[in-house]
Amino acid sequence: MSLDPATVRRIARLSRLRIDDTQVAQMQGDLNGILSWIEQLNEVNVDGVAPLTGAAMMAMRLRDDVVTDGNLQEAVLSNAPDREGPFYAVPKVVE
Amino acid sequence: MFDLSLVAARDALAAKKFSARELTTAYLGAIEKLNPDINAYITTLPEAALAQADAADISLAKGEAGPLCGIPLAIKDLFCTKGVRTTAGSKILSPFIPPYESTVTANLLRDGAIFLGKANMDEFAMGSSNMTSAYGCVTNPWTRRGDNRPLVPGGSSGGSAAAVAARMALGATATDTGGSIRQPAAFCGIVGIKPTYGRCSRWGVVAFASSLDQAGPVARTVEDAAVLLGSMAGFDPKDSTSADIAVPDFAAACKRGVKGLRIGVPREYRLDGMPPEIDALWRQGLDWLREAGAEIVDVSLPHTKYGLATYYIVAPAEASSNLARYDGVRFGARTPGRDLTELYENTRADGFGAEVQRRILIGTYVLSAGYYDAYYLRAQKVRALMLRDFTEAFETVDALLTPATPSAAFGQGEKMDDPITMYLNDIFTVPVNMAGLPAMSVPAGLDAQGLPLGLQIIGRPFDEETVFAVGAAIERAAGFSTLPNLRAGA
């Protein structure tokens, strides 16, 4: 599997990373190097093996659906790029 | 004062040989003197540390001292600290001041620790050299014999390890996703332990690859690491993968000895082209354990060689998802654009360094439509086989002994030509993360150029006690006492 420049641009778009034309060739080389190295996994027989999603060897816990925290308006707003009174102000993200 | 270990300094504080203020002042002085050369700290906290020291002195006088009362530590800049900038080594988080405290650092504060500052690291913990930090590289306090060229401290917890090795802190927090505690500990001649996945809460730790990330300490001695981990660990309802398992007395386990333990030697860890000193040190470590009463057993972990390739699918996949939150909209740095998509793309292109961008792209690709099964699902299946290898080995042995790294510390700027050369650093450490096991790196000897080398002890899930017992036995036998040239008190 080898990525062409168009695919590199498409992945960059999916990743929301601006990629300049001058960077495409370098990135293409790096990614293809990594992907061809990863191909070695194809030689492993994984028939009938259940995928392991995580290292936590336990079931997910459940908890009551109740409010456990809150009334932290100033803390929440402390990293807001902008605010209007008690409201968190961001650029328009919903068209 | 700088010659004292954490445990010895704690005893001296209790015996009123010096005050927490005197101890903290000494360490702040060391940072002022050495940090311009080593760059182990991104942020230093002299005023806050002295205020904490005064509070510690009051607690000590009242006889109410916690287990870390008055002990000055470095905190990896991946742990959110309330009111103190937390960058994760990235430009994109340069304006971020968390309004909350991570569970691990809150536990340390509860026990009376003093925070000297935030330690430098590879950006978002992605790296093995600390060269990817947006706040400049870290210099290893060690140099090769007769050669003053600067070396890397390893990574990603390079600032933490360099700070402890150069005596700019009595201990430090670190995190390990593929080797980021053990590799820098080995490169800097100190002890580092990655506990079992779930032992330390991930709440408030900036996420890299959530199924692999785990916090742990780096320290000067095995016992120091045990005391720090005892404080950092514990169940936390705020982390859904935190283990509701009691924290044992790790420090007591250091005194257990290894008599009657069965120690496995995984044959797949013997690599062609490995430096002869590393192979010799490994054999020496096995001899030490045999002399201390352990039985040495050959074992096989057949999927070891696939560890790195599996890791470089799983970790970037999780990272591409975790780092989606840095979009320039709600917090962190922002680069404007003509429309929303351009704002996202500009922000992330300017805010993330090259290695982070590479991993986001790889992760996005392996998760994208049409490739998920071929890459990500296959990697998860190989991961299951790696866990099975360890589970089967632990049916016959109590712990495994391996080298910690395939080489000693390398020069700044070396191994930068292609990403895979750098990735190979973690060949011995990555399988442990894939399986969620506890593992320690303990300094055991020097290479031909006078640089420290570490041995790795791998244990069963939630059996850090055996890891501490074996690590302490190696520490006693090795008597590793060489110090780096660049250090406080030298």
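Trainee: How far apart are the mean positions of the positive and negative charges of chain B?

Mentor: Lys and Arg count as positive, Asp and Glu as negative; His and the chain ends are not counted. Each charge is placed at NZ of Lys, CZ of Arg, CG of Asp or CD of Glu. Chain B has 46 positive and 52 negative charges, and their mean positions are apart by 1 Å.

Trainee: What kind of model is this, and how are residues numbered?

Mentor: This is a predicted model: local features need pLDDT of at least 70, side-chain atom pairs count only at pLDDT 80 or more, and totals for chains, interfaces and linings use all residues. Side-chain values use heavy atoms, without hydrogens and water, chains are lettered from A and ligands numbered from 1 in the order written, and residues are numbered along each chain, as its sequence is written, from 1.

Trainee: What radius of gyration does chain B have?

Mentor: The radius is taken over C-alpha atoms, and the globule rule is 2.2 Å times the number of residues to the power 0.38. For 490 residues, a compact globule would come near 23 Å. Chain B agrees with that, at 21 Å.

Trainee: What share of the contacts in chain B with a separation of 6 or more joins residues 24 or more positions apart?

Mentor: Contact means heavy atoms within 4.5 Å. Count the contacts with a separation of 6 or more; those between residues 24 or more positions apart make up 77%.

Trainee: Why is strand 6 of chain B largely enclosed by the rest of the structure?

Mentor: Strands (E, at least two residues) and helices (H or I, at least four) are DSSP runs, numbered from the N terminus. Buried means under 20% relative accessible area, exposed over 50%, partly exposed in between, with a 1.4 Å probe and protein chains only. Strand 6 covers residues 214-219. It is largely enclosed because its buried residues number six of the six.

Trainee: Which residue of strand 6 of chain B stands opposite B:Ala172?

Mentor: Two strands pair if DSSP finds at least two bridges between them. Strand 4 (residues 171-176) runs antiparallel to strand 6, with six bridges. Strand 5 (residues 191-194) also pairs with strand 6 in the antiparallel sense, over two bridges, and there B:Gly192 has B:Val218 as its partner. Opposite B:Ala172 stands B:Val218.

Trainee: How many residues of helix 7 of chain B are buried?

Mentor: Helix 7 spans residues 222-232. Its buried residues include B:Asp224, B:Leu228 and B:Met232.
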